[in-house]
Amino acid sequence: RRSSEPTLAASWSRSGTAPSGVTRSTTSGNNWDRPWEASASLIPARSEGDDLEVISLVLDPDVADTMYVAQRTTGVWKSTNAGATWSAAGMDGSVIKGLQVRPGTPSVLYASTATSGVYRSANGGASWTGIGPAGQTTATFAVSPSASTGVLYVGVSGAWVDRTEDDGARWSSARTGLAASTVYSVADAPA
């Protein structure tokens with residue numbers, strides 16, 4: 001971890017009394033600041049009534065100041081200056097459940113959605129392509145930390161986990177032994 005890389009935490013407000021956005025610490029969590037307050041660059045709503053809840057925050061492991069946040073219904077946002085300013089990076093209107101970067105290839109992002117499966121961006125959020133699993137309500141997902149070739153696991157409502165080993169070209173389901181409810185968390189240990 002480089003010393004110039006900020007420590008970050010996502011924050012949000014369900015009551016609407018505090019801003020939704022990213023709180024940053026460059027002192028290992030001893031002090032926190034909101035870099036957007038000075039520049040008025042709070043991650044914006046796209047229209048009145050947008051749900052601004054920050055669902056996921058990911059860092060580019062190669063470029064310390066590049067980060068992405070996913071908001072529930074206003075899409076993915078990207079900052080290249082440690083959160084001082086933000087720009088839209090797609091997925092507007094999708095109900096996003098999670099966001100992750102591919103290990104070893106941080107320009108590849110994955111976003112899971114509530115009703116449309118997983119989407120992949122191969123260019124840091126400039127464009128997105130649906131990769132499946134088709135027709136599934138995703139609750140959570142994980143990108144394998146030991147593979148840089150697109151191994152993903154998706155927790156699906158209905159008590160199973162879907163898996164792809166080829167970046168979404170083919171999916172298989174694992175149901176044996178899972179309880180009959182929604183899978184809310186999936187993790188893959190490094191090899």
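**Entry 1: pairing and confidence**

I count two strands as paired if DSSP finds at least two bridges between them. The model I am reading is predicted. I looked up confidence before anything else. The protein chain averages a pLDDT of 76. Of its residues, 76% score at least 70. Helix α1 (residues 35-39) has the lowest confidence, with a mean of 53. Strand β9 (residues 118-121) has the highest, at 93.

**Entry 2: the four-stranded sheet**

I went to the sheet next. It is open and has four strands, in the order β11-β12-β13-β14. The pairing is antiparallel. Which strands lie at the edges? I noted β11 (138-143) and β14 (172-174), each of which pairs on one side only. From one strand to the next, the twist averages 25 degrees.

**Entry 3: β12 and its partners**

I followed β12 (residues 152-156) on both sides. Five bridges link β12 to β11 in the antiparallel sense. At that pairing, I found leucine 152 of β12 as the bridge partner of valine 143. β12 also runs antiparallel to β13 (residues 160-164), again over five bridges. Here aspartate 162 in β13 is the bridge partner of valine 154.

I then checked the connection. β12 and β13 form a hairpin, with three residues between them. Glycine 158 sits in the turn and has a positive phi of about 115 degrees.

How many of the five residues of β12 are buried? I got five of five, so I treat a residue as buried when its relative accessible area is under 20%. Leu152, Val154 and Val156 point one way from the strand. Tyr153 and Gly155 point the other way, and these are buried too.

**Entry 4: serine 144**

I looked at the loop between β11 and β12, where serine 144 is placed. Is serine 144 buried or exposed? Its relative accessibility is 3%, so serine 144 counts as buried. I left aside neighbours within four places in sequence and listed its contacts: Pro103, Val151, Tyr153 and Asp188.

I moved to strand β8 (residues 105-113), which holds serine 112. Serine 112 is at 0% relative accessibility and therefore counts as buried. Not counting residues up to four places away in sequence, serine 112 touches Val95, Ile96, Lys97, Gly98, Gly117, Val118, Thr138 and Phe141.

**Entry 5: the nonpolar cores**

The largest nonpolar core has 12 residues. I found Ala111 in this core, together with Met91, Leu99 and Trp128, among others. Val58, Tyr68, Ala70 and Val76 are also members.

Which elements give two or more residues to this core? I noted β4 (67-71), β7 (96-102) and β8. The largest share is three residues, and β7 supplies it.

A second, separate core has 10 residues, including Tyr110, Ile131, Phe141 and Trp160. I had Phe141 on my contact list for serine 112.

Notes
Residues numbered from 1 in each chain as written. Predicted model: local features only at pLDDT ≥ 70, side-chain atom pairs only at ≥ 80, totals over all residues. Heavy atoms only, no water. Axes fitted to C-alpha atoms, helices over the stretch in contact; angles between N-to-C directions. Buried < 20%, exposed > 50% of the residue type's maximum accessible area, 1.4 Å probe, protein only. Contact = heavy atoms within 4.5 Å. Core = buried A, V, L, I, M, F, W, Y, C linked by side-chain atoms within 4.5 Å. pLDDT = per-residue confidence, 0-100.
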